[in-house]
Amino acid sequence: CEPFKGKIKSSQTFKRLCFDYCVIGAGPAGLQMGYFLSKAKRDYIILERNTGPASFFRKYPRHRKLISINKVNTGRQNYEFNLRHDWNSLLSDKPNLLFKRVSSEFYPPADSIILYLNMFEKELGLNVRYEVDIGRIRTVQSQAGRSYILTDQHASEYKCRVLLVATGLWVPNKISFIGSDLIEGYESMSTNADDYRNQAVLILGKGNSAFETAQNLLGKASVVHMLSANTVRLAWQTHYVGDVRAVNNDVIDTYQLKSLDGLVENNIENLAIIQQGGKKLSNMKRFYLLSKHLYENLKEMNSTYLMKDVLQKHEKERETFFWQKPYNRVIRCTGFRFNFSIFDSSATLLKSKKANGRFPGLTAWYEGIQTPDLFVLGTASHSRDYRVSAGGFIHGFRYTVRAVHRLLEQRYHGNPWQSTQLSATQLVSWILKRVNEASGLYQMVGILGDVIVLKGSHVEYVEEFPVQAMPVFPSISGHEISSGVIVMLLQYGTRKIDFLGKDRAEKEWAKAWKSNFLHPVLYYYQTLPTKKDMKFRPKGWPLPKPKAIHHIIENFFTEWHAPKIHIQPLRRFLEHCMQTDLRAFYAESCFSSSLTHCKPPLFCQEGYLKHHGVTRRIQPWRDSYDPVIMTVKQGASQDASEADPTFSKYLAQAGMLFSSGLKLEL
């Protein structure tokens, strides 16, 4: 087939179209990748099964309130810094194409994300085709190499060299147990709180969707109980944004203050839900919860499950897990799964071992483990940082999508990962700028890091590289390692503490390694860590043990620019790794050092001495008083050595030659 040029109309029919890149899904991750591909002028198409972008947000969250922060007022004008506190905007080269244009609410309504993504797609002119429901994905092999064939509901086909899957998690995660067919799902439950007036409600799950549901029912339901195998994990304790957010946890108050609501732990698969007397569903249902063990014993008795039979069996076996009071509603709020069903056996994505297989298994650079040239973007790529960082949410995956695009540019187009060449003497200032402003490091904690490739008096500064891929850094980034490497990222501490206790923060800079809250950490390696090193790294560490490590002490304002406790220890660490003096000097100090040392400091070599030692000035001060200056100014027949033999000796030591007629300023 021939590559297609231009926009495709929804009504257009064809047999097969070819593209270099196919993106499935026009959600935030798909549109973000579309922006990068469009900016690079690549041949791509975005395919979306619905009539517009952000289809997931048209239905979820069910109670229509986002929990992603939209902090419009930061007191700063710095674009990068402000993205640290803007969890809904996508990255672009238009500084005004931000989420705050559609909402200024701290926790915005869900409809605002739909407005924003529509605006993002239209203003950037992205190549999206809607109403294309991809039902099958397979691979074909030809002389040109491996390709992916995507078939839609009209049997039209799209052929692409690289497949980028950004479909998110949207398949309800259903748990099978006795009576699971009797319950309602989060995806289909009524969101009208009045429908639950004076009813007893059991919610299965203790994640954000479960707490969002409980929050909506508290004022109407008579009882709200929540059940899952795990205890509640609060985001402010775990530092993981996917855990329960404070905006939805009122039910914890009503539970602990004994106001009818409650939370309980038990494995859902080991439960049974029965309807009293086995009657058909009615408007006022009465569901009883008991253990699977008790249910099976009752089944052996061929019981009709009348409550008197249940109670008698319960008393006889002294069954401890049993509620004697019924529920009117049981609601499943157990999250979502990735849709694996569209992948043919030739393009099968393996399941990740994390989160009970809800995510696809991926390499450290977001490529399918057994599917070369197939990358997973957005929420579905969260298996790489599940319960560690923000890669499952917009404010995290906008950066991992950019990382994947940089990899694509290197692998398929020979463009090395974006980097900055710096003099070693600029490194301290550059690092301080990054830790105080960069949003990618701030959001993708412990996952994306800045890689500093050491090259003697210079460094190559590579930004926001997925650090779990460090063993293959040269092939992914296009930058070779010869003289060592420093990896810098932001991390939380790993110690168990009282997160609101008196001693929660470390105050002594010499014990910065004990910092519990977000702080920069630098790892120095003489050679790259291997895959084996990564596999057996210490628990909770993002990287293996390095040759040297440096923690910059945590700061209440998350700002690191104090001269004595932040900057000086950082400089000394870099000097230790690079075996050179990184201090900055005044011109007079460089001049003095040049006269008294065979090898002046690097700062003087790179700057001051490259300007031939001293600066020219039209009217140097002390002209009429300094014999050296006067001699050289007049000097058609004299040079500085004739004026002062001692001065000549120092010039020779410094390797400096001064021609007659040169004006000097001391």
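Asn356 sits in the loop that runs between β15 (336-337) and β16 (367-368), where strands are DSSP runs of E with at least two residues, helices are runs of H or I with at least four, and both are numbered from the N terminus. Its phi is positive, about 55 degrees, even though Asn356 is not a glycine. With a relative accessible area of 74%, Asn356 counts as exposed (over 50%; buried is under 20% and partly exposed lies in between, with a 1.4 Å probe and protein chains only). The model is a predicted one, in which local features need pLDDT of at least 70 and side-chain atom pairs count only at pLDDT 80 or more, while totals for chains, interfaces and linings use all residues. Residues are numbered from 1 along each chain as its sequence is written, and side-chain values use heavy atoms, with hydrogens and water left out.

Glu131 also has a positive phi without being a glycine, here about 60 degrees. This residue belongs to the loop between β3 (128-129) and β4 (136-142), and at 44% relative accessible area Glu131 is partly exposed. Another backbone feature turns up at Pro61, in the loop between β2 (44-47) and α2 (79-83): the peptide bond from Tyr60 to Pro61 is cis, with omega near -10 degrees.

Thr371, in strand β17 (residues 371-376), is buried, because its relative accessibility is 1%. Leaving aside residues up to four places away in sequence, Thr371 touches Arg146, Tyr148, Ala347, Thr348 and Leu349, a contact being heavy atoms within 4.5 Å.

Helix α4 (residues 208-217) is mostly covered as well, with 8 of its 10 residues buried. These are Asn208, Ser209, Ala210, Phe211, Glu212, Thr213, Ala214 and Leu217. They pack against strands β9 (200-204), β10 (223-228), β11 (262-265) and β14 (329-332), and against helix α6 (250-256).

Then there is the pair formed by α1 (residues 28-39) and α9 (residues 394-413), which pack at about 40 degrees with axes 9 Å apart; axes are lines fitted to C-alpha atoms, for helices over the stretch in contact, and angles run from 0 to 180 degrees between N-to-C directions. From α1, the contact draws on Pro28, Ala29, Gln32, Met33, Phe36 and Leu37, and from α9 on Ile394, Phe397, Arg398, Val401, Arg402, Val404, His405 and Leu408. By class, that makes 10 nonpolar, 2 polar and 2 charged residues (Ala, Val, Leu, Ile, Met, Phe, Trp, Tyr, Cys and Pro are nonpolar, Asp, Glu, Lys and Arg charged, and the others, Gly among them, polar).
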